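Here is a friendly walk through one protein model, with the cut-offs spelled out along the way. Have the viewer open and follow along.

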Amino acid sequence: MLRISADQARWFRLARHHLDRRAPREKLVEVVRELAGVQAQVLSAAYLSLWARVDGLSIAQLDAALYAERTLVKTWAMRATVHLLASRELPCYTLGLGDAWRVHAQWLARSSGIAPEAIDAVVDAIGRGLARGPSTRKELAEHVRRELGAELAAVITPGGGVMK
């Protein structure tokens, strides 16, 4: 039987998380992929986490990966919290979450006095908006506003509604 010491396990984890040696800048997306996402409820914390793992990483480079190149995506994922994920792996995470996101969204809706059926309508409208291609949260909120009205668009409007 293979025996692994506690020190070997610790060093393996440090290496796997790129904390023993920083990865080169061009490996940013690979690092996010190997970490199975980076918690980003507070985006500056995600930046700091990646800066500790990727040599010479700048905020501009991370912003480019998110907003220009779209090789990273910021979305709700595990534990119903915001994560940075490798864009190419988003379908895997989405399928893995199954309907858990809908159950969580309905709980949030009920706790804020919004009918669960309304959340289903918002989710369906978001799906139609995303069928046109990648969109920001602000763009999706505008799409929902046009389809369902301002009250339900507030649910996903940055800084407003239940889903902040």
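## The largest nonpolar core

The largest nonpolar core has 19 residues, and L28, V38, L50, L72 and L84 touch the most other members. Here a nonpolar core is a set of buried Ala, Val, Leu, Ile, Met, Phe, Trp, Tyr and Cys residues joined through side-chain atoms within 4.5 Å. Buried means under 20% relative accessible area, exposed over 50%, and partly exposed in between, with a 1.4 Å probe and protein chains only. At least two residues of this core come from each of α2 (28-34), α3 (43-51), α4 (59-68) and β3 (82-86), and α3 gives the most, with 4 residues. Helices (H or I, at least four residues) and strands (E, at least two) are DSSP runs, numbered from the N terminus.

This is a predicted model, in which local features need pLDDT of at least 70 and side-chain atom pairs count only at pLDDT 80 or more, while totals for chains, interfaces and linings use all residues. Residues are numbered from 1 along each chain as its sequence is written, and side-chain values use heavy atoms, with hydrogens and water left out.

L28 sits in helix α2 and counts as buried because its relative accessibility is 4%. Leaving out residues up to four places away in sequence, L28 touches L50, V54, L57, L62, A65 and L72, where contact means heavy atoms within 4.5 Å.

## How α3 meets α4

The axes of α3 and α4 are 11 Å apart, and the two helices pack at an angle of about 115°. That angle is why α3 counts as roughly perpendicular to α4. Axes are lines fitted to C-alpha atoms, for helices over the stretch in contact, and angles run from 0 to 180 degrees between N-to-C directions. Angles under 35 degrees count as roughly parallel, over 145 as roughly antiparallel, 65 to 115 as roughly perpendicular and the rest as oblique.

On the α3 side, the contact is made by L43, Y47 and L50, and on the α4 side by I59, L62, D63, L66 and Y67. By class, this contact has 7 nonpolar, no polar and 1 charged residues. For these classes, Ala, Val, Leu, Ile, Met, Phe, Trp, Tyr, Cys and Pro count as nonpolar, Asp, Glu, Lys and Arg as charged, and the others, Gly among them, as polar.

## Loop residues worth a look

H17 lies in the loop between α1 (6-16) and α2 and is partly exposed, with a relative accessible area of 31%. H17 and R53 are 36 residues apart in sequence, yet their C-alpha atoms are 7.4 Å apart in space.

H18 is in the loop between α1 and α2 and has a positive phi of about 60° although it is not a glycine. At 14% relative accessibility, H18 counts as buried. R70, in the loop between α4 and β2 (72-76), also has a positive phi, near 60°, in a residue other than glycine. R70 counts as partly exposed, at 36% relative accessibility.

## The whole protein

The protein has 9 helices and 3 strands, and of its 164 residues, 32% count as buried.
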